[in-house]
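Please consult the sequence and the structure as displayed below.

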Amino acid sequence: MQIKRNPTRSVSIGSIAVGAEHPIAVQSMTATATTNIDATVALVNDLQKAGADVVRIAVDSDKDAEALAEIRRQTTANLSVDLQENYRLVEKVAPHVDKVRYNPGHLYHHEKSRPWQDKVKFLADVAGANDCAMRVGVNCGSVDPNQKELFDSKDSLGPMLASATEHCELLDSIGFTRYVVSLKDSDPSNVVTVNQRFAELRPDIPLHLGVTEAGLPPDGIIKTRIAFEQLIGRGIGDTIRVSLTVPNSKKSMEIEAGRQIIDDIRNGRLRSVVALDPTKLNIISCPSCSRVENEAFVELAQDVKAMTQYAKDYAITIAVMGCRVNGPGETDDADLGLWCGPAKVNLKRGGEAIGAYPYDEILPKLREELDRLILTKQQTSSAKA
Ligand code: SF4
C-alpha cells in the first residue's frame, strides 16, 4: 500500500537524504563508551550491516570528540552526534560527522548570560561550514525552562511544541534549512499527539520519530509500533529510531524492528486502527505474536482481504486481530472488527459486539455486515445528493 507522505523538505545526511519522497530512514545509536574506539567502530559497522541509515554516537567530552575523529576514519556509516550540555563541542565533532543533534532544553546550562538564539546561530554556522545536517531534538524530560513557565504545569506538550517551532523559525530566519525535528516522549500517545500537532503547524519540516525509554523487547517494540502506526500511517515521519534496552551485541534489533514496523504499516499489518487511505477500503490485520491461539488467524486475514475486494471503493475500515487479549480493544475504532479465539471468531460493528462464529462461518457473516454498511453509505450519499 502506498502511504501518502507529508510534503517535507529534503535534508541530506551524508550519503542519504530524508524527507520529501525519500524512503523513511532507520537509525540506531551506539551504547559503547565512545573512547573505546574498537568497540564503538565494531558496533557502528554492525548496525550499518544490519541496514542502519544513520548511526548516532554520544559525545560528552574532548576525549570523546578525539575518539570520534578516529571512529570516522574506520567507518563509512553516516554518523550523527548528540551534543549534550556543552554545545561548544560542536566545533570539535562537526568535521567528523554528517549530522549534529542539539536539545533546546540543554542550551541553558552553559554560558547562562548568552541568549539561546546566539548559541543556535553558532551551531548552525559550524554545522553549515562542515556540511552537516542538524536535528532539533526536543525531549519531554528536558524541555526549555522558559517555555515551561508559559504553560499550565499539566500541559506537557504545549512547551515542547512551542520550543520546537521557535527554533525552526530562528533557523529558517538565518537561512539554515538543513534540519529535522524530533519531539520525543515516553508515552506513545503523547508522541502521537505532539507530532501530529507539529506536522499541522509545520508540514514542511522532516520529522524524526521515536518513543523515549521504550524499554525491553517485545514491549518496547510494541509501544513504539503503536505510536509509529498512527503517525507513519498518516504520512507523518521521515526517519525513525526504535529505542530498545538491549545489550550492544543485540543493538541491531533496533534496525530490524524499525524496518519491520515500516514494512508492516505499508502492508496493513497493524496493531491499532489507522485509516491508511481515508477514501478507500482499509483492511488491517495485526502482525500476530505468541498470543495467537489459532493459527487459522493468518489464513482468515488473507481471506478477509480477498473477500472484501468488491468494496474497495468505500471508505470502510475492517480490523482483523489475532487474539482475545488485545483484539476487543484494538478493533474499537474500526467500522467492522474481528478478533480470534481458539475455536471462534468474534465480530463487532464499531464498538458493538455482534457475536462469535466458527472459523468456517465467519466470512458470510462478515459479508452480510459489509453489505449492510455499504447500503447505509449509499443511502446517506444519495440523501445528500
Ligand atoms: S492483537 Fe493479539 S495477536 Fe495480534 S499482535 Fe496484538 S497481542 Fe499479538
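## Basis of the model

The model is predicted; local features require pLDDT of at least 70, side-chain atom pairs count only at pLDDT 80 or more, and totals for chains, interfaces and linings use all residues. Residues are numbered from 1 along each chain as its sequence is written.

## Overall form

The protein contains 12 helices and 15 strands (DSSP runs numbered from the N terminus: H or I of at least four residues for helices, E of at least two for strands). Its C-alpha atoms fill a box of roughly 70 × 50 × 35 Å along the principal axes.

## Helix pairs

The axes of helix 4 (residues 116-129) and helix 6 (residues 157-173) come within 10 Å and cross at roughly 55° (axes are lines fitted to C-alpha atoms over the stretch in contact, with angles from 0 to 180 degrees between N-to-C directions). The two helices are therefore oblique to each other (angles under 35 degrees count as roughly parallel, over 145 as roughly antiparallel, 65 to 115 as roughly perpendicular and the rest as oblique). Gln117, Val120 and Ala124 of helix 4 meet His167, Leu170 and Leu171 of helix 6 (contact requires C-beta atoms, placed from the backbone, within 7 Å). These residues comprise four nonpolar, two polar and no charged (Ala, Val, Leu, Ile, Met, Phe, Trp, Tyr, Cys and Pro are nonpolar; Asp, Glu, Lys and Arg are charged; the others, Gly among them, are polar).

Helix 7 (residues 188-201) and helix 8 (residues 219-232) pack at about 20°, with axes 8 Å apart. Helix 7 is thus roughly parallel to helix 8. Their contact involves Pro188, Val191, Val192 and Asn195 of helix 7 with Lys223, Ile226, Ala227, Gln230 and Leu231 of helix 8; six are nonpolar, two polar and one charged.

## Ligand shell

Among the 14 residues around the ligand, Cys286, Cys289, Met321, Gly322 and Cys323 come nearest (a residue is near if its C-beta atom, placed from the backbone, lies within 6 Å). The shell divides into seven nonpolar, four polar and three charged residues.

## Backbone features

Most residues other than glycine have a negative phi, and most peptide bonds are trans. Glutamate 111, in the loop between strand 6 (99-102) and helix 4, has a positive phi near 45°. A cis peptide bond, with omega about 5°, joins proline 217 and proline 218. Proline 218 lies in the loop between strand 9 (207-209) and helix 8.

Technical notes
Contact = placed C-beta atoms within 7 Å.
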